[in-house]
Amino acid sequence: MGILEKISEIEKEIARTQKNKATEYHLGLLKAKLAKYRAQLLEPSKSSAAKGEGFDVMKSGDARVALIGFPSVGKSTFLSLMTSTASEAASYEFTTLTCIPGVIEYKGANIQLLDLPGIIEGAAQGKGRGRQVIAVARTADVVIMMLDATKGEVQRALLEKELESVGIRLNKSKPNIYFKPKKGGGISFNSTVTLTQCSEKLVQLILHEYKIFNAEVLFREDCSPDEFIDVIVGNRVYMPCLYVYNKIDQISMEEVDRLARRPHSVVISCGMKLNLDYLLEKLWEYLALTCIYTKKRGRSLSCLTRCPSVLQCHRIHRSLASQFKYALVWGTSTKYSPQRVGLTHMMEHEDVIQIVKK
């Protein structure tokens, strides 16, 4: 029996098993086996090394955004509108067959936008070049999931399932679980909160499924067996996602209002160029970029992602970190201006910095 058949059998058994106290250990083991087989399925084979032509795009700019969705939802039109790159758009499916990069220039930042080929159901198993598309999506800072507003919630549910099955967790934070394999001493299990979804016995069974018999485990929050499996596997990607509903000019105002009120959702129309400015604002918010200016020339230095410190001055030049003496900072991150700071000082948006070398 191949891996695909094993995955299918386990999924059917999980669907058949009614969730209750008597079956929680059985379900935990099934989920552990399922995660293990899916990881094997995603391992690239040597024979398919040359099949990814067009997908290996060098990461550039200050952030990378992956544009994913089903065929003919408007991804290529969106890329052409937001960047100076012309991506072929047509009324038939699979117009885009490779990864097409473009650059959005916004608030002094260069944001790399990747137009990926349309995903189909079963992409996680490799259908429709799904593995290459998903591999590129894993390298992004933010995912824009382009959806057809005329097709309701079907597309969103299917795409979430495909991405979930390959370890991409959308709009979720990493589980607060300490896990460290050891060479001996058995399994040490502790928790700082009351656990309602996992027990010590279930944790041991899951670890034994992965042939781990010596480890330290500390739950700092009430996590599910799936989240614990994610921590063991260790290759999960947690990233923000914007659900963008296109073609709102073809649905009623009531439906537009309903979709717009959903969490992490934006409604647009590429055909009529509606709400694109608001989408850019939301994208900037989800990227959480901070723009830093140099004192000497007063121009944009670079955009540093999430909690930028002076230590990241290697983004200006690779030798600056080793030659750093101190820095003078003007802006909202300081008590007075200018303030002399060290490498660990945390910068804020539109601060001005002057670096003094040794």
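User: Which residue in S11 is the bridge partner of Tyr245?

Analyst: In S11, Tyr245 has Val267 as its bridge partner. This is a predicted model, where local features need pLDDT of at least 70 and side-chain atom pairs count only at pLDDT 80 or more, while totals for chains, interfaces and linings use all residues. Residues are numbered from 1 along each chain as its sequence is written, and side-chain values use heavy atoms, with hydrogens and water left out.

User: In what sense do S10 and S11 pair, and over how many bridges?

Analyst: Strand S10, residues 241-246, pairs with S11 in the parallel sense over 3 bridges; two strands pair if DSSP finds at least two bridges between them, and strands (E, at least two residues) and helices (H or I, at least four) are DSSP runs numbered from the N terminus.

User: What is the strand order of the sheet?

Analyst: The open sheet of 6 strands runs S2-S3-S1-S4-S10-S11, with mixed pairing. Strand S2 (100-106) and strand S11 (265-267) are at the edges with a single partner strand each, so one side of each lacks a neighbour in the sheet.

User: Switching to helices, how do H3 and H9 cross?

Analyst: The axes of H3 and helix H9 (residues 276-287) come within 12 Å and cross at roughly 85 degrees, where axes are lines fitted to C-alpha atoms, for helices over the stretch in contact, and angles run from 0 to 180 degrees between N-to-C directions.

User: And which residues meet there?

Analyst: Phe78, Leu81 and Met82 in H3 meet Leu276, Leu279 and Leu280 in H9, contact meaning heavy atoms within 4.5 Å.
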